[in-house]
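Please read them alongside the coordinates.

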Amino acid sequence: MDQLVPLTFAIPLLGAALSLIAVRRQRVQRVLNLTCLTATLGLAVALLVHVERGDQAAVAQVGAWPTDIGITYVLDRLSGLLLVIAFTTMLLVLVFAVGEKGRDEHSPYYHPAYLVLAAGIGAAFCAGDLFHLFVAFEILLMASYVLLTLHGQPGQVRSGTTYVIINSVESLVLLAAVGLVYAATGTLSLADLPDALAALDPGVRTGLQVLLLIAFGLKAAVFPLFFWLPDAYPTAPSPVTAVFAGLLTKVGVYCMIRTQTLLFPDQHRTLLLIVAGLTMIIGVLGAIAQTDMKRILSFHIVSQIGYMVMGLGIGGPAAVAATVFFLLHQIPIKTSLFMVEGVVESTEGTGALDRLSGLARRSGWLALLFALPALSLAGLPPFSGFVGKLGLITAGVDRGQYVLVVLALVGSLLTLVSMAKIWLGAFWGAPAVPGAAAAAAPVGLLRHRRTMGGATGMLVAVGLVLAIAAGPIYSYCERTADDLTTPGRYAAQVEADR
């Protein structure tokens, strides 16, 4: 079973190659994309069950190379959980895109790029060494730039260029960090690095930690490295923005969790706490200042990342467990909000709040699909966002981080205010269609977008499942946190399968 781990990114890559061969047959491309993502999701679920039952990470060594230079892929509780939620989200967003029938999905390069993006995400979550993590990031960058600029509109190209420049800087920083880590320790294996880094001079170790934090912080869009995100994401087509919002920054957060708990445990937490507080507050203040649904939600990507960094800064099994749960909850919640925005934009032609009104009267179901994840994003009970934030705040109180706890509560209140701003602007009140045209305006918006509404509803349901089954899922996150915070646990699991 362990040897199947590389298939989590090999299947999407093979699908991308076949999709390029079928470049003039869009139906074939759609079937290939749906089949590959479904197969990869099924494999990820099987591997997750295998890891949980055996209480042992799945480790695959590719080829017969020595372990210090060979390619190792590791799927433990954290990466397995994220693979399942990531491929579930990508599958539903693909169905949404097919239902939207937008220009981007009709491009012959959409499906190959989407599958390459899936392969990059799979490779990033399973990489067992820093070099292959860097390679996975490059795969993500190439695919995301293609998806971001598929329309070729000036605004998209401009934002896409900014996106590429920023991510190229991130790649250079990460490559420099990887090279310096190898020069200092002689290994890039995540299993071998904890002992090798511990033997270094503290100053050198701090320098390497800061370089990795900058690289992954750019990808995760933490303060002050988030400035590119609110301009880049809103210009992309809605399905692309949805999958970017739900997954790409979370890959950066995953890398921060992996490296900070495994390679630099209990180091420079004060820096992480400062970054967390500023990211939470500045992100949500930026959201409140916006008047467009997509831009509000884009700033909220930044703000919510702050809560995950907060858990890392607090440290310890309880805070890390809450961080893992919050990360898990954010992927479907954030993606489904962007999918609702996509429905609004496809029917109304805009996401500007001053041009929208009364959508709830025209489609109660669409209003419900927005309200449920919006309340979860704000952290209100009984939704999954409440569970994650309660865990983080409890851990913060236990560790005496009262300032950060207050900032987290203020951030949640401001998040609720910004969600209310969208609700009052777009869904409340009388329909925006004036006069005689009001009678001809479509009612029951989801009836005209059944596939889009169905995919969005299924992802909202995933968010509800996280709330309904919060007990067992949180227990799983606690076992994951124990794995992450127990010194030598990751190395022992990898060594057992080498």
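1. Which residues line the largest cavity? They are D76, R258, T261, L262, D483, L484, Y490 and Q493. A cavity here is a set of points on a 1 Å grid, over the protein atoms alone, where a 1.4 Å probe fits but cannot get out, and lining residues have an atom within 4 Å of a point. The largest cavity has a volume of about 60 Å³, a volume being the space filled by probe spheres set on the points, which are joined across faces, edges and corners.

2. On provenance: this is a predicted model, in which local features need pLDDT of at least 70 and side-chain atom pairs count only at pLDDT 80 or more, while totals for chains, interfaces and linings use all residues. Residues are numbered from 1 along each chain as its sequence is written, and side-chain values use heavy atoms, with hydrogens and water left out.

3. Helix α11 gives the most to the lining of the largest cavity, with three residues; helices are DSSP runs (H or I, at least four residues), numbered from the N terminus. By class, this lining has three nonpolar, two polar and three charged residues. Nonpolar covers Ala, Val, Leu, Ile, Met, Phe, Trp, Tyr, Cys and Pro, charged covers Asp, Glu, Lys and Arg, and the others, Gly among them, are polar.

4. The largest pocket has a volume of about 490 Å³; a pocket is an open set with protein on both sides within 12 Å along at least five of seven lines. Of its 31 lining residues, Q260, T261, L262, F264 and P265 are the closest to the centre. Here α8 gives the most, with four residues. The lining has 15 nonpolar, nine polar and seven charged residues.

5. There are 11 aromatic pairs, counted where ring centres of Phe, Tyr or Trp (its six-membered ring) lie within 6.5 Å; planes under 30 degrees apart are stacked, over 60 edge-to-face and the rest tilted. F131 and F134 form a tilted pair, 6.4 Å centre to centre with 40° between the planes. Because they are three residues apart in helix α6 (residues 130-148), about one helical turn separates them. F131 is partly exposed at 38% relative accessibility, whereas F134 is buried at 12% (buried is under 20%, exposed over 50%, partly exposed in between, with a 1.4 Å probe and protein chains only).

6. Y163 and F244 form a stacked pair, 6.4 Å centre to centre with 15° between the planes. Y163 lies in helix α7 (residues 154-185) and F244 in helix α11, 81 residues apart.

Definitions and conventions
Helix = DSSP H or I, 4+ residues; strand = E, 2+ residues; numbered from the N terminus.
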